[in-house]
Amino acid sequence: MIDHLEFIRAQQSLGMPNIETSSKCSLQCPQCTRAKLQAPKDSNKYKEIKLRINTGFDLPLKDAEKLLRFFDSGVMLCGQLSDAIFWPDLFPFLEFSKTYPNKNIRIMTAASQKNIEWYKTAFELSHKNVTWAFGIDGLKDTSMIYRIGQNSELLFDAMLLGRTLGVKIEWHYIVFDYNLHQIEEAKVFANQHGIILNLVKSNRGSDSIKIPEEWKPKRNKEIIYDIV
Amino acid sequence: MTNYIRPECMPYYYDESGKQQYNARLSQGIAYTSDGYLLPCCWCDATSTKKDFVELGFYDEGLKLSNNKSVEDILYTNVWKKFINIIMHDSVNAPRCCREKCGIIDD
């Protein structure tokens with residue numbers, strides 16, 4: 001009984017919920033659960049992920065409001081299946097979130113199907129405690145090796161635009177073999193532009209995309225925050 | 001076999017001797033799924049572990065967020081109470097993802 005109440009108290013005061021805003025994403029990252037869509041169509045893997053995507057829906061704005069009201073620290077829009085840029089109510093939500101300007105909104109994004117004007121509008125709607133965290137694993141020429149389908153150049157432009165408009169911008173960089181040599185350049189870039197660079201030790205390696213031994217997490221994902 | 005669970009969604013846990021120990025931080029927040037339900041954390045929101053949470057009642061229609069006035073209404077239900085009791089005191093019967101992600105196996 002006490003444990004249950006302590007759980008609720010801790011989650012309300014310290015927790016930040018991980019919110020799936022839809023089941024839509026345009027990327028084809030090999031270790032994403034969506035990659036099962038590449039399995040044979042008569043396999044269980046394919047059927048399960050297809051069902052999961054089909055039963056998903058856009059987060060109703062009313063539910064988003066309930067979540068933001070409950071969690072004192074704010075909310076994190078971070079999908080297992082989706083990217084927040086595809087949520088049709090993102091702009092109305094950002095507008096609503098201004099009624100809670102002290103709550104943090106963390107928007108984790110890696111997809112790139114919008115244009116720079118869209119980001120301008122999104123950033124202008126973002127209050128001082130909104131953070132945009134971009135998943136770019138390497139520099140412009142390498143990130144799409146894991147983030148298949150990503151227009152990394154647009155996302156770099158978006159990060160820079162965000163900084164110009166005074167928005168908090170984070171760069172989440174999963175370290176793979178192919179981008180290990182670019183970390184120093186990434187630090188310089190982040191430092192120059194006031195971007196918070198977070199290096200990620202992840203389990204997302206595969207036979208074709210390897211993770212350097214020293215960048216493998218002990219167990220679950222590890223993030224080295226603000227490396228610059 | 002998992003000796004005990006050190007849940008990253010809880011501020012503390014009980015070690016093998018039953019002594020309460022504190023987590024350095026609450027690293028896992030509750031998850032809201034693409035079909036409108038709340039789960040203890042995003043690691044629980046996987047196809048491979050869904051069956052466990054269906055059996056525990058997390059996917060009962062009445063626990064859908066849109067069917068409730070607030071997040072509290074869901075978290076105070078017996079489904080969540082029972083889940084917390086399992087991960088804190090009955091690790092053998094905890095969902096697979098809780099054992100895999102937060103389970104401690106002492107040699």
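Helix 1 (residues 2–14) of chain A packs against helix 3 of chain B at an angle of about 105 degrees, with the axes 9 Å apart. Helix 1 of chain A is therefore roughly perpendicular to helix 3 of chain B. This is a predicted model, in which local features need pLDDT of at least 70 and side-chain atom pairs count only at pLDDT 80 or more, while totals for chains, interfaces and linings use all residues. Residues are numbered from 1 along each chain as its sequence is written, chains are lettered from A and ligands numbered from 1 in the order in which they are written, and side-chain values use heavy atoms, with hydrogens and water left out.

**Helix packing**

- A word on terms: helices (H or I, at least four residues) and strands (E, at least two) are DSSP runs, numbered from the N terminus.
- Axes are lines fitted to C-alpha atoms, for helices over the stretch in contact, and angles run from 0 to 180 degrees between N-to-C directions.
- Angles under 35 degrees count as roughly parallel, over 145 as roughly antiparallel, 65 to 115 as roughly perpendicular and the rest as oblique.
- Back at the pair that links the two chains, what makes the contact (heavy atoms within 4.5 Å) between helix 1 of chain A and helix 3 of chain B? Helix 1 of chain A brings A:Asp3, A:His4 and A:Phe7, and helix 3 of chain B brings B:Trp80, B:Lys81, B:Ile84, B:Met88 and B:His89.
- By class, the contact of helix 1 of chain A with helix 3 of chain B has four nonpolar, two polar and two charged residues. Here Ala, Val, Leu, Ile, Met, Phe, Trp, Tyr, Cys and Pro count as nonpolar, Asp, Glu, Lys and Arg as charged, and the others, Gly among them, as polar.
- Within chain A, the axes of helix 4 (residues 90–97) and helix 5 (residues 116–124) come within 9 Å and cross at roughly 20 degrees, so helix 4 of chain A and helix 5 of chain A are roughly parallel to each other.
- A:Leu90, A:Phe91 and A:Leu94 of helix 4 of chain A meet A:Trp118, A:Thr121 and A:Ala122 of helix 5 of chain A. The residues of this contact divide into five nonpolar, one polar and no charged.

**Buried helix and nonpolar core**

- Is helix 3 (residues 61–70) of chain A mostly covered or mostly uncovered? Seven of its ten residues are buried, so to speak mostly covered, where buried means under 20% relative accessible area, exposed over 50% and partly exposed in between (1.4 Å probe, protein chains only).
- The buried residues of helix 3 of chain A are A:Asp63, A:Ala64, A:Glu65, A:Lys66, A:Leu67, A:Leu68 and A:Phe70.
- The largest nonpolar core has 95 residues, of which A:Trp132, A:Phe134, A:Trp171 and B:Phe53 touch the most other members. Such a core is a set of buried Ala, Val, Leu, Ile, Met, Phe, Trp, Tyr and Cys residues joined through side-chain atoms within 4.5 Å.
- Helix 3 (residues 78–89) of chain B gives the most to this core, with seven residues.

**Single residues**

- B:Asp35 lies in the loop between strand 4 (31–32) and strand 5 (38–39) of chain B and is buried, with a relative accessible area of 12%.
- Not counting residues up to four places away in sequence, B:Asp35 touches A:Thr55, A:Gly56, A:Phe57, B:Lys50, B:Tyr59 and B:Lys64.
- B:Thr77 sits in the loop between helix 2 (71–75) and helix 3 of chain B and is buried at 19% relative accessible area. Leaving aside neighbours within four places in sequence, B:Thr77 is in contact with A:His4 and B:Leu63.
- B:Asn78 belongs to helix 3 of chain B and counts as exposed at 60% relative accessibility.
- A:Leu180 is found in the loop between strand 5 (168–174) and helix 7 (183–193) of chain A, where A:Leu180 is partly exposed at 32%.

**Cysteines**

- B:Cys9 counts as buried, at 6% relative accessibility.
- For B:Cys44, the closest cysteine sulfur is in B:Cys97 at 3.7 Å, again too far for a bond. B:Cys44 is buried, with a relative accessible area of 2%.

Terms used: Disulfide = S-S within 2.5 Å. Contact = heavy atoms within 4.5 Å.
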